[in-house]
Amino acid sequence: MRIMKADRALPEIRRGAPVRISVNGNSAEAYPGETVATALMAMGIRQFRKTRDKGEPRGVYCGMGVCYECLVTVDGVENVRACQTCVRDGMEILTGQVAEQ
Amino acid sequence: MKKVELAIVGAGPAGIHAALQANEAGLNTVMVDSNPRPGGQYYKQLPLDFGGKPQKVVEQEGSFLVGLLESTSVEIFSNTLVWGVFPASRGEGWLLNLHGEGVPKQIQAHSLILATGAYDTPIPFPGWTLPGVMTAGAGLISVKNQRVMPGKRALLTGTGPLQLALASSLIHAGVEVAMVLEASQPFPKAFQYAPVMINQWSRILEGVDYGFTMLRARVPYRLGWAVIEARGDGQVEEAVIARMDNEWHPLRGTEQVVQVDTIFSGYTVKPNNFLGRMMGCEFRPDHQQGGLVPVRDEWMQTSLPGVYLAGDAAGIGGAELARVEGKVAAVAAAVRAGRFSEKDAKPFSRRMRGQLRRQRRFAHLLSELFTPQPGVISLATDNTIICRCEEVTLGDIRKVITEGARTVNDIKVLTRCGMGNCQGRNCELSIARILVQELGASGLTFDEVGVFRVRPPLHPLPVSVLADSLEVEG
Amino acid sequence: MTGQSYDFIIVGGGLAGAALSYYLSQQKNRVLLLEARNLCGGSSGACAGRAQIFECESESYLDVVLAGFSKLERLGEELGCDLEWVTPGHLSLIQEMKDWETCFRKVSWLKRRNIPADMLDQGQLRKEVSILQSESFLGAAYAHEGHVSPFSLCMGYIQAARRQGARVMAFTPVIGFQMESGRITGVRTAEDVYSSAQVVVAGGAWSRDLLLLAGFDIPLRFTHAEAMITEKLPPVLSRHVGMTGFYETVHGGNHSVTLGLGQHPNGSVLISNAIQSATVIDQESTFWGMPALAKALKGYFPIFGKVRIMRTWAAPSPFLPDYYPAIGWVPGVDNLFIAAGFHLAVPTIPILCADIAKSMLVGEPVERIVPFSPGRFVEKIREEAE
């Protein structure tokens, strides 16, 4: 869920015009400035992938590009860090893939 | 080949102030940062596309500084990674290999300031890999920067004042905060540091503000408690919490179960020193500081001439200390470039020394009160994943220890810990703690377990990026 | 604690030192192994783990390699550890006719000994290695080959040695030798002195500096070799693949790349070698080496363009002038044994180190190691002087 409220601790922002992305084949909306991780979390998706050997679910852990847990497939490229990738119009995102690493 | 007098890696408080100082000294400077905008974590800027104006003091400060930086002649390469650094020929400084859109593949810099900051200390416990368990830093980014709810009902576990900042932001965002757990028992120890706190008014006020937010929302704050397990099917559904003793071992029999969908793990931060280590700067063991601190002189220069390390990457000290260290490093680089003599720089150096001392005292206070105790590794059980990338458990590590592994590197080569995507950033410290936990009785200490060898590329990179990286020497 | 005395002191904790610690401690002998840095941290830790057969330059050395290879096949069981032994085989890619003839000869040596080996033409090569740009190759030579984890092998030997009572100390550099009446009686470290009936130097590229401490200058040289490893991939390579002339460049090249690659059972592909000449030992990756290796890889195996490199490394690759090892008592020095410069180290170390242990216990060199005596360098130097 996106945070829509604002107060002195969370100053008001104006999200721009939404862009169209696709997540696992389904059409969705996201806002410029958001990362892929944000777009997925806003849709309630927190399980981004399953591990290679044990098939365990993983998602965002560090949020800043250090842990490599939030890996998704973006526009056909695998093992992309969702928290370090900003959404773009027409972006195709796949989650739940068994990452190669 | 682009040649500059100074390259600064990292655009957080240390990097920004170094850049501003270098610009003032007239140094031809480039700044390289892996984020979309300067600011690092502490001054993280709202995405440009979000519009919005900063309101709180730190945010206004950050916005002002970033604006100031962007108005100087310092060239900023954002979204850019430094993946390798090599000595330039004929002692002319350093070759930096860069990876980013629209930036040169290699630049040459006479001096280098490493200001690579810090990241949340990963603390393993059963279930910590479940979606819904994330660091305090990730929580702050989600809520403040990205304006997305990371969950509906959260529990915070960890140590240090940052947890209060996160709790407060979550409450403002509408996330239900079930409890905030502080693993240490800072009182009465904290009282002996009262004199140090006297100069830190803005910080005290911040803390009071967070405290009131939590009070109004009736969020319980428990001292000496921590999450010992995260449970759920596919993601977090509940947390098991327990009391901790003074060495941070959980006390059996005190367990309680709390229904939450999100757990924030905020056990302070550790220096992001991989770049300095990769370059071969000399470091010495310091377990309290996350493993290593660089050997530096009073000008922030490392054991490599013309290479300076400033800010949290050299040891956790906070934004104010980072500011001072960044400035000192930049002046040192200016002296090295011949902009002023050491004699001219002496008054500046004297002024900075006092500030450094004050800020280091405060950093020391925080570290004394809120550093995770080595016993925290006892939260992990045999089935707990230690190396997240390679899915290696504590049981796997214990097995190779019985088979003769004695150092962090022995564990690496026998279990593959540290050979995955994060290149050991998130398991190195835990492995050191495990070795001391298992072998400490026979005399093994933290200083003897060693660290991973850091090698280029600084992050995993496609073959084609490496293949195309040689520029023609110009 | 001074005055500790042993039957054997081994200087060097790589594959050779580890193997020696095991074989020497077998008869209840008191053995001490001293390693300057971390165990298996030198060239042994940087190697691909290949138990190569094809790269032998002579039939006599081939017989040594084959003896070692069969010992290696049973070694995991003997040591009670998992060496991750597999037998992917090796393809030596041929670009020039003269190399074809050399390969043909080597293949026939192997066939005579019932070792699986064959020549492949370009069409057959393309079928075997579909990911290779095979147009520039005449074909390849196939030969049986094994693979181990060098770390498991080294630690396996060391753990077995420990179980037999050997003492192993890492991070303990030897800084000098103890001498009594001109005879080596032990070693000195920064903290201590250890005495021993016999001392063996198994220090890889570092052996030359060690022997100089005893007054002998052995012509042990080394190149600087770089390698890298990819992320885990689905199976793309069932055999180890290498360009011919691999060892010529490893031991003689300067700024040259001889490509060799093999896929580990876990999916990562290990890629070597970018070579530079060196006079100082260092284990740093260079700004030339990784890009050069990456470029060569991408040129011959285009699918690797998007594959991520996880890490790179470098190590000295030691060799003697005739490319055979130096094994034997050091001439002109009383009571010092050298075991270094192992060529095709992984398959030869198990058999040669067992021979060395026997030689040291009995006092007479086992026949197989006689040709590798360091005395052969003294004779050469004397010849040149005359």
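# Briefing: chains A, B and C

Leu461(B) has Ile309(C), in strand 16 of chain C, as its bridge partner. This is a predicted model.

**Where chain B meets chain C**

- Strand 22 of chain B covers residues 461-462. Two bridges join strand 22 of chain B to strand 16 of chain C. The two strands run antiparallel.

**Chain C as a whole**

- Chain C has ten helices and 18 strands.
- The radius of gyration of chain C is 21 Å, close to the 21 Å that the globule rule gives for 386 residues, so chain C is as compact as a globular protein of that length.
- Along the principal axes, the C-alpha atoms of chain C fill a box of roughly 65 × 45 × 40 Å.

**Where chain B meets chain A**

- This contact takes 48 residues from chain B and 43 residues from chain A.
- On the chain B side, strand 7 (118-120), strand 8, helix 3 and helix 4 are the elements that give two or more residues.
- Helix 3 of chain B gives the most to that side, with six residues.
- The residues on the chain B side divide into 19 nonpolar, 20 polar and nine charged.

**The parallel sheet of chain B**

- Strands of a sheet pair through backbone hydrogen bonds, either parallel or antiparallel.
- Five strands of chain B form an open sheet with parallel pairing, in the order 8-15-9-10-11.
- Strand 8 (133-135) and strand 11 (221-223) of chain B are the edge strands, and each pairs on one side only.
- On average, neighbouring strands of this sheet are turned by 20° against each other, direction ignored.
- Strand 10 (residues 176-182) of chain B pairs with strand 11 of chain B over three parallel bridges. There, Val180(B) has Tyr221(B) in strand 11 of chain B as its bridge partner.
- Helix 3 (residues 136-145) of chain B packs on the sheet. Helix 3 of chain B touches strand 8, strand 9 (153-159) and strand 15 (262-267) of chain B. The direction of helix 3 makes about 90° with that of strand 8 of chain B.
- Helix 4 (residues 162-173) of chain B lies across strand 9, strand 10 and strand 15 of chain B. Helix 4 runs at about 175° to strand 10 of chain B.

**The antiparallel sheet of chain B**

- Three strands of chain B form an open sheet in the order 12-13-14, with antiparallel pairing.
- Strand 12 (225-231) and strand 14 (256-258) of chain B stand at the edges, each with a single partner strand, so one side of each is left without a neighbour in the sheet.
- Neighbouring strands here are turned by 30° against each other on average, direction ignored.
- Six bridges pair strand 12 of chain B with strand 13 (residues 238-243) of chain B. Glu229(B) stands opposite Val240(B) in strand 13 of chain B.

**A helix pair in chain B**

- Helix 10 (residues 394-402) and helix 11 (residues 408-415) of chain B pack at an angle of about 110°, with their axes 10 Å apart. That makes helix 10 of chain B roughly perpendicular to helix 11 of chain B.
- The crossing of helix 10 and helix 11 of chain B is right-handed.
- Helix 10 of chain B brings Asp396(B), Ile397(B) and Val400(B) to meet Ile411(B), Leu414(B) and Thr415(B) of helix 11 of chain B.
- By class, this contact has four nonpolar, one polar and one charged residues.

**Backbone details**

- Most residues other than glycine have a negative phi, and most peptide bonds are trans.
- The peptide bond from Pro456(B) to Pro457(B) is cis, with omega near -5°. Pro457(B) lies in the loop between helix 12 (428-439) and strand 22 of chain B.
- The peptide bond from Ser272(C) to Asn273(C) is also cis, with omega near -10°. Asn273(C) lies in strand 15 (residues 269-277) of chain C.
- Tyr68(A) is a residue other than glycine with a positive phi, near 60°. Tyr68(A) lies in the loop between strand 4 (57-58) and strand 5 (71-74) of chain A.

How values were computed. Residues are numbered from 1 along each chain as its sequence is written. Chains are lettered from A and ligands numbered from 1 in the order in which they are written. This is a predicted model: local features need pLDDT of at least 70, side-chain atom pairs count only at pLDDT 80 or more; totals for chains, interfaces and linings use all residues. Axes are lines fitted to C-alpha atoms, for helices over the stretch in contact, and angles run from 0 to 180 degrees between N-to-C directions. Helices (H or I, at least four residues) and strands (E, at least two) are DSSP runs, numbered from the N terminus. Angles under 35 degrees count as roughly parallel, over 145 as roughly antiparallel, 65 to 115 as roughly perpendicular and the rest as oblique. A crossing is left-handed if the near helix is turned anticlockwise from the far one by less than a right angle, and right-handed if clockwise. Two residues are in contact if their C-beta atoms, placed from the backbone, lie within 7 Å. Ala, Val, Leu, Ile, Met, Phe, Trp, Tyr, Cys and Pro count as nonpolar, Asp, Glu, Lys and Arg as charged, and the others, Gly among them, as polar. Two strands pair if DSSP finds at least two bridges between them. The radius of gyration is taken over C-alpha atoms; the globule rule is 2.2 Å times the number of residues to the power 0.38.
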